[in-house]
Amino acid sequence: MSSSTVSLRQGAPRPAGRRGPRFGAFEPWFYLAPAFIVLIGLLGYPIFQLVNISLYDYRQAQVSGAAPLEFTGLGNYQQLLSDPQFWAVLGNTVLFAGFCVVITILVGGWLAVLATRLRPWVRTLLFVVSMGAWATPAVTGSAVWLFLFDPTLGLVNKTLVALGLHAFDGYSWTYDKWSAFGLVASEVVWCSFPFVMVTVYAGIQAIPTEVIEAARLDGASMGQIARTIMLPMLRPIMMIVIIQSIIWDFKIFSQIYIMTSGGGVAGQNLVINVYSYQQAFAASLYGLGSALGVIMTVILMAVTLVYLRLIKKDGEAL
Amino acid sequence: MKISRLAAAVLASAALGLTACAPPTAGGGSASTKDETGGTLRVWLFSEVNQDPKSAVVNDAIKDFEAAHSGAKVDVQYIPTDSRAERFKAAFNDPSSAPDVAEFGNTDLANYVAAGGLADVSDVVKGWDEGKDLDPKILKTTEIDGKNYGVPWFVGVRALYYRTDLLQAAGLKAPTTLQEVETTARALRAKNPGTLGIAVGGKSQFSAMPYLWAYGGGIADQQNGKFASQLSSEKSKAGITAYTNLLNDDICPPQTCAEFGGNATVQQFIAGKADMAIGGDFNYKAVAAAPAVKGKFAVIPVPGTTAGSIAPAFAGGNNLGVFKSSTHRTLADDFVKLLAGKKYQQKMFQAMGNLPTFADVQKQVAGDNAYLKPFVDTIAAGTDFVPVTEQWATIDAQGIFTGMYQKVASGKSTVDQAAADATTAMDKVFGSGK
């Protein structure tokens with residue numbers, strides 16, 4: 001970092017430099033320009049078009065110019081918000097994503113703590129195995145999971161039957177709403193815990209050993225150390241991990257689409273992304289789909305902003 | 001706060017932008033006025049798993065065509081069926097990359113017409129000496145507001161496959177009514193507990209439709225240019241009940257069958273795990289070659305509600321059509337008439353097993369190939385089709401029709417409730433279109 005950035009952050013007047021004072025006001029913008037241009041191109045414009053399209057009756061006929069474009073204002077939103085299925089799907093999504101986030105954080109966090117106490121070769125093995133899960137594309141992972149849980153030929157049912165649980169002979173894991181969600185959730189947790197584990201592990205490693213040692217000398221128990229020293233110091237990292245997981249799990253598409261073949265029996269396993277694909281894009285109702293996209297963006301931005309505010313209040317920067 | 005100021009700026013510019021510009025639309029939708037008699041005619045056909053025989057027939061047709069039209073060349077591209085939606089949409093949006101002639105599924109037709117991509121070929125069919133022999137019910141699947149937008153190239157229908165060995169062992173005869181299909185299936189499963197009495201599926205809509213039609217019901221009716229769902233009529237509900245009766249623990253347990261699509265049901269039969277199944281003429285080769293059922297099965301038309309009658313089958317199949325944006329309209333029409341004509345339909349049947357759409361050609365090939373008889377009889381008894389409107393694509397994508405069967409099969413709804421829900425959902429979609 002150059003000294004000028006530091007002085008800007010501190011709000012101090014710029015020391016007299018090579019350039020005149022008039023340039024000073026533009027200087028931060030000058031440095032930010034490349035990032036802004038990329039952001040506007042890749043984020044700003046698409047979001048603008050998304051909002052724009054959501055206000056029109058915009059179907060394939062309109063895209064290819066066969067029918068006149070009709071401005072419907074908030075019509076698409078009205079249609080969505082008055083549809084009970086939309087609310088049911090939103091409820092499913094929140095529950096499902098919430099469940100996945102909690103389990104992912106618990107499993108990932110627990111394994112991270114475990115990793116700090118393992119012998120190096122065991123830890124390496126754990127990491128290599130987890131990286132395998134992490135590196136598996138969602139589509140492949142879902143397909144493999146489905147093979148494992150196949151009603152008649154899957155390893156899981158065969159094992160359960162061999163153990164004497166004959167109720168699992170031909171048992172379909174995707175038929176019941178909650179068992180189908182559970183099955184998908186297990187795949188989601190499986191492929192997303194490594195990120196949590198690695199990040200939290202790095203965070204624990206970054207805590208200076210002196211601090212812990214000092215606490216131990218003062219007579220703190222292991223539980224106290226974890227609660228009052230390690231957790232607060234891990235907070236920024238936990239925040240990132242939680243926000244990431246919420247965004248990630250809220251947007252789940254491939255796993256549900258593949259494992260419940262497009263939303264389960266009579267659409268019982270629809271989550272918002274699959275719903276928007278099915279209702280809007282596969283059906284060529286782009287206006288409606290964009291409205292759904294806008295609603296999702298707003299929800300996710302609200303979640304992120306709340307967390308950012310929480311962190312800011314505590315005086316910690318990310 | 002920085003963020004809110006930025007947000008305000010974004011909102012303000014968005015509001016400004018909204019009043020200034022509408023979402024992008026292509027200038028397409030209007031017919032080309034050019035009609036060149038030379039140059040390259042671009043053709044899109046679907047690629048097949050078994051591509052070589054199709055290419056060979058098409059190449060013969062091109063040779064014939066180029067010999068009869070000097071100065072014209074034909075450039076064929078084989079496109080994968082999986083990505084056809086994207087391909088066609090792109091072609092409608094950008095006429096310069098569009099073909100002149102294309103093969104497409106008959107259930108996609110209404111959607112393509114609504115997008116303004118297909119040319120009216122009614123005059124081609126009327127002015128064509130072979131046109132009068134096209135099966136009228138199948139030609140009807142290409143018709144919107146009295147105009148034809150495609151020429152049927154081949155047709156596919158489903159019939160009832162059953163295991164002759166298992167029926168004989170159980171002392172049963174082949175079912176002659178839909179009622180007997182149910183009782184036979186139940187008896188077969190009781191005798192062979194590891195198998196499905198008849199493989200049907202909550203998602204296999206094309207085996208559910210014959211039930212609906214056989215009981216006199218229907219999917220939707222058109223009145224004054226607008227469609228209205230017919231699923232809640234008493235006759236329709238009788239058909240839905242008869243079909244969902246099969247999705248029961250003593251025939252085809254919903255645990256297993258509620259999620260089956262059409263292919264999955266045929267796969268069960270091929271694997272020897274189903275005693276009966278509703279499969280298409282296009283499945284016959286695969287079934288006949290399957291070790292588990294080879295030589296142990298027979299096919300009859302899906303019976304109707306009275307003995308001797310045949311349930312109306314769904315007339316699936318593909319058409320050949322002309323793009324509205326084509327700058328070689330006369331050449332394109334001529335090529336369609338050649339490739340979809342009797343001579344090449346016959347060749348396509350020999351190469352690919354595709355059932356011809358001309359009544360006389362059908363009879364002829366059925367005479368030479370005994371296995372086709374139940375399918376040709378089914379077509380002759382009269383077929384039916386999904387509502388020919390772009391909104392059917394929406395209803396299909398949203399799973400409204402199959403969702404109804406799944407709700408009943410899984411015990412989430414009664415037939416009355418599921419049919420009422422589907423009617424409401426369908427009518428909402430029908431009402432939203434033009």
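A salt bridge is a side-chain nitrogen of Lys or Arg within 4 Å of a carboxyl oxygen of Asp or Glu. Keep that rule in mind for this predicted model.

**Where the chains meet**

Across the interface of chain A and chain B, the rule finds one salt bridge. Its partners are A:Arg59 and B:Glu390, whose side chains meet at 3.4 Å, N to O. That value lies within the 4 Å cut-off, so the pair counts.

Which elements of chain A give two or more residues to the side that touches chain B? They are α3 (27–54), β1 (56–57), α4 (60–63), α14 (272–281) and α15 (286–313). By class, this side of chain A has 19 nonpolar, 17 polar and five charged residues.

The size of an interface is often given as the accessible area lost when the parts come together. Here, about 3200 Å² is buried between chain A and chain B. Carbon and sulfur atoms give 53% of that area. In chain A, the residues that lose the most area to chain B are A:Ser64, A:Tyr175 and A:Ala266. Together they make up 17% of what that side buries. The contact takes 41 residues from chain A and 38 residues from chain B.

**Salt bridges in the whole structure**

Over all chains, a search finds 19 salt bridges. One of them joins B:Lys54 and B:Glu103. This pair links distant parts of the chain, 49 residues apart. B:Lys54 sits in helix α2 (residues 51–68) of chain B, and B:Glu103 in strand β3 (residues 101–105) of chain B.

The table sets out the two named pairs.

| Salt bridge | N to O |
|---|---|
| A:Arg59 and B:Glu390 | 3.4 Å |
| B:Lys54 and B:Glu103 | 2.9 Å |

How many cavities of 30 Å³ or more does a search of the whole structure find? The search finds two. The second largest cavity holds about 40 Å³ of space. Its lining includes B:Asn106, B:Phe385, B:Pro387 and B:Trp392. By class, the lining has seven nonpolar, four polar and no charged residues.

Terms used
Residues numbered from 1 in each chain as written. Chains lettered and ligands numbered in written order. Predicted model: local features only at pLDDT ≥ 70, side-chain atom pairs only at ≥ 80, totals over all residues. Heavy atoms only, no water. Contact = heavy atoms within 4.5 Å. Buried area = accessible area lost by both parts, 1.4 Å probe. Helix = DSSP H or I, 4+ residues; strand = E, 2+ residues; numbered from the N terminus. Nonpolar A, V, L, I, M, F, W, Y, C, P; charged D, E, K, R; others polar. 1 Å grid on protein atoms, 1.4 Å probe; cavity = no way out; pocket = protein on both sides within 12 Å on 5 of 7 lines; lining within 4 Å. Points joined across faces, edges and corners; volume = space filled by probe spheres on them.
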